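Reader: I'm new to reading protein models. Could you walk me through this one with a few questions and answers?

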Amino acid sequence: MILEPGQRRSRGQPFGRTILPLLLLAVAAVVANELRTERVVAQDMPPPVVEATGRLEEVYQGARPATLRVEARVLSRMPGRSVVGVGTGFFVSEEGLLLTAYHVVKAQWLGGRHMHYFGVAPGGEEYRLELVGFDAYLDLALLQAEVGGPVPYIPFASGPTRPGREIVAIGNSRGEFLEDRSGRVTRLGVGSPNALLADGVIELTASLFQGDSGGPVLNTDGEVVGVVSYISFNPQDMGSEGRGFVPPFLSGLTLPRRFASYAVPVSAGSEVVAALFAGETRDIPVIGFAWANFDYDPATNSSLDLGRRPGTVIGDVVAGGPAARAGLRSLESRRVVVNREGGSVRTSVVSAADVIVAVDGEPTPTFNSLVEVLRRKEVGQLVELTVQRGPETFKVDLELGAHRQVFN
């Protein structure tokens, strides 16, 4: 069911063929910049899309007028538009409130230029989008579209879905424009092994990919039960209560083994939906540095001497952020020339870096472990970092900042 759907449309034609490197569907991890926007893209490809048929086809056709292609654009004086990222969103009110995945609209700047977000409707209408509220932990964002009047919207389901239920998602992957991807629900309450991805998500068999992020997942009643967030090519690593159990009513259904997609559950009575509509923002606490893209372990990093304990290597410290105010230093590398006996010359690269080995006494030997610890903290909370700087180890008090403010 879709409320005030207006004119229904047939399947859309492909909308460009370029897969862009920003604001894409998450796949298993986030890289660099502590909690940065870009998601790691796996080299594997998802299975072929299963098109909706029967009742799911009707649901798709009814809901499509309320879905949008979300574009991240860098505006310029040159003719045309510079699209640097693509995602999906959908109207949840006739006043133009739009729900999507937060990572789709998270970036504020690109190369020193401000990012702007627009929604493109099935009929080609364009709407400028402004952020209303977000939950960075659950990867959800609510935006306001500049609409001239009532728009069609998709209602929330009254309660959670169940394993075995048929669903259809709408998205913009594979260069397509607001197309359908059908499947089934396989598990609920799935937890990711990666601290940067949402927990408690719905696992689906639908073949989703880059550009589908933020799209609606609909049940056979045409109600939204989830918002597309990420995919995994190792679903067996995604833990959940009752993992491995196959309910009797799923007998005969081929469960995913090498691929699965994941959506954040939403419903009419959920607290997160109410918080978003109230304009609340729930950001992730950060220290304020770009990760060096490697963790230090003296047992395995034989070419480096950054101290005696393993930890997270600080790459670039963000100017004016908490780490900078606490006096932490960025990774530095310099070339050293050594004159050897006999007149030969040898050069080597010497690196110096601050390594975070613990937060409030809890060891952080890897970047992922550091993120796990930080996610249990609050923005503005005072924490004690144990920092290793070569042979010296010291402690420093630091007030955690909000990601959106620090990395603006």
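Reader: Which residues have the most contacts inside the largest nonpolar core?
Author: First, a nonpolar core is a set of buried Ala, Val, Leu, Ile, Met, Phe, Trp, Tyr and Cys residues joined through side-chain atoms within 4.5 Å. Buried means under 20% relative accessible area, exposed over 50%, and partly exposed in between, using a 1.4 Å probe and protein chains only. The largest one here has 35 residues, and those with the most contacts inside it are Leu99 and Leu218.

Author: A quick note on the source: this is a predicted model, where local features need pLDDT of at least 70, side-chain atom pairs count only at pLDDT 80 or more, and totals for chains, interfaces and linings use all residues. Residues are numbered from 1 along each chain as its sequence is written, and side-chain values use heavy atoms, with hydrogens and water left out.

Reader: Which element gives the largest share of this core?
Author: Helices (H or I, at least four residues) and strands (E, at least two) are DSSP runs, numbered from the N terminus. Several elements supply at least two core residues each, including β3 (97-100), β7 (140-145) and α2 (271-277). The largest share, four residues, comes from α1.

Reader: In what order do the strands of the closed barrel run?
Author: Two strands pair if DSSP finds at least two bridges between them. The barrel has six strands with antiparallel pairing, and β11 (residues 216-218), for instance, pairs with β12 over three bridges. The order is β8-β9-β10-β13-β12-β11.

Reader: What angle does the direction of α1 make with that of β8?
Author: Axes are lines fitted to C-alpha atoms, for helices over the stretch in contact, and angles run from 0 to 180 degrees between N-to-C directions. Contact means heavy atoms within 4.5 Å. α1 packs on the sheet, touching β8, β9 (179-190) and β11, and its direction makes with that of β8 an angle of about 35°.

Reader: How many residues of β20 are buried?
Author: This strand covers residues 354-359 and is mostly covered. β20 is joined antiparallel to β17 (residues 311-317) by two bridges and to β22 (residues 382-389) by five. Its buried count is six of six.

Reader: Which residue in the turn between β20 and β21 has a positive phi?
Author: β20 and β21 (residues 362-363) pair in the antiparallel sense over two bridges, with Ala358 opposite Pro363. They form a hairpin with two residues between them, and the one with a positive phi, about 50°, is Asp360.
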